[in-house]
Amino acid sequence: IQIRIERTTAPKPRPQASELGFGKYFTDHMFIVDYAEGKGWHDARIVPYQPITLDPAAKVFHYGQTIFEGLKAYRTETGQIALFRPDMNMKRLNRSNDRMSIPAIEEELGLEALRQLVLIDKDWIPDAPETSLYVRPFVIATEAALGVSPSKQYQFIIIMSPVGSYYAEGIKPVSIYVESEYVRAVAGGVGHVKTAGNYAAGLKAQEGATEQGCAQVLWLDGVHRKYVEEVGSMNVFFRLGNKIVTPALTGSLLSGITRDSVIHLLRHWGLEVEERLISIDEVTQAQKDGSLKEMFGTGTAAVISPVGSLYWQGEKLTIGDGSTGELTLRVYETMTGIQTGRIEDPFGWRVAL
Ligand code: COI
């Protein structure tokens, strides 16, 4: 796999760890590869980070033919540079591509692009606690044509951003608004793939949640408005007594890589994990009878996000004692420990570059 490299002659100043936030600063380089019908994916290159020029008729602007991924690079305590399960991201990227009628990208090309790009900008990987280098691969339909049909041209681009915690609150419990009007996705649609429209469609409900003083929404299924699906842009877990329940992948949920990792980890610890339908009634009933002990979201950006309370039908329901649960904290410490190399990785998830 040949990747042409053009290095920047004007490296940017790097932000202090305290000013990082999420996705505000971008590194010195980016990866691009083009696709054209007949030619396939070609001209892979790493170039200085810069604006891209697109025709205003590019299909991505009109019909949203686009997908993205998200993963993190870390500098370990022993000075290694590592990605977390990047092969999973490339597999999901191609599942998303398939659903959005975008041509597949060879997994090896994607992985090699990630490796070379992260290494070129390795000095951008922050190493303060809770920080990492967030990597954002994405594909856009670039053909200038307004007919509703799959684009004949695409670009696959990777950009990178040094980040702190996703939520300004850090690993503090957040309050969640149970959304009963809007829905995120339905089975048969695109809820199970990582495409821009799912996130745009969620903004309205998010605004409502913010007005209610909540950090995120809890999405219910689009058919019955009954079964819990996701929390904000994350998967969701409940500890009911000593059992852990997470919504089954019914076609409208994203199959999170953190979700998969947390399920593995919990089972590795000998805990019982059920992937099944879980209704909002079951959750609120469990809160009332005291069996709902903990609730947390999982995603690449925030890793683990504890839920302190739910707003549902005008009532505020506190989860446990409202603070970060014991299991939630153990999952968070172990996941971030494996990712950053602070603890041993028995699963082979951490991939040193
Ligand atoms: C996540 O990592 O949890 C995400 O869903 C990515 C987000 C920044 C859109």
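A residue is called buried if 20 or more other C-beta atoms lie within 10 Å of its own, exposed if 12 or fewer do, and partly exposed in between, with C-beta atoms placed from the backbone. The structure is a predicted model, in which local features need pLDDT of at least 70 and side-chain atom pairs count only at pLDDT 80 or more, whereas totals for chains, interfaces and linings use all residues. Residues are numbered from 1 along each chain as its sequence is written.

Helices (H or I, at least four residues) and strands (E, at least two) are DSSP runs numbered from the N terminus. Strand 16 spans residues 303–312 and contains Val303. Val303 counts as buried because 25 C-beta neighbours lie inside 10 Å. Its phi is near 65°, a positive value in a residue other than glycine. Ser305 also belongs to strand 16, and is buried because 30 other C-beta atoms lie within 10 Å. The C-alpha atom of Ser305 is separated by 6.8 Å from that of Pro173, although the two residues are 132 apart along the chain.

A positive phi in a residue other than glycine is also found at Asp43, near 60°. Asp43 lies in strand 3 (residues 40–48) and is partly exposed, because 13 other C-beta atoms are within 10 Å. Strands are taken to pair if DSSP finds at least two bridges between them. Strand 3 pairs in the parallel sense with strand 1 (residues 4–5) over two bridges, and Arg4 has Arg45 of strand 3 as its bridge partner. Strand 3 also runs antiparallel to strand 2 (residues 29–36), to which seven bridges join it. Here Ile32 stands opposite Arg45. The hairpin of strand 2 and strand 3 has three residues between the strands, and Gly38 in this hairpin takes a positive phi near 95°.

Strand 13 (residues 243–247) is largely enclosed by the rest of the structure, because four of its five residues are buried. Strand 12 (residues 235–240) pairs with strand 13 in the antiparallel sense over three bridges, with Phe238 opposite Val245. Their hairpin has two residues between the strands, and Gly241 there has a positive phi near 65°. Strand 13 also pairs with strand 14 (residues 272–276), in the parallel sense and over five bridges. In this pairing Val245 faces Glu274. Strand 13, helix 5 (residues 257–268) and strand 14 form a right-handed β-α-β unit; right-handed denotes a path from the first strand over the helix to the second that runs clockwise with the strands pointing away from the viewer.

A nonpolar core is a set of buried Ala, Val, Leu, Ile, Met, Phe, Trp, Tyr and Cys residues joined through C-beta atoms within 7 Å. The largest such core has 63 residues, and Leu117, Val135, Ile158, Ile176, Leu218 and Val228 have the most contacts inside it. Contact likewise requires C-beta atoms, placed from the backbone, within 7 Å. Leaving aside residues up to four places away in sequence, Val228 touches Leu218, Leu220, Val236, Pro247, Ile278, Ile280 and Val283. A second, separate core of 15 residues includes Leu93, Ile102, Ile105 and Val139.

Key: Contact = placed C-beta atoms within 7 Å.
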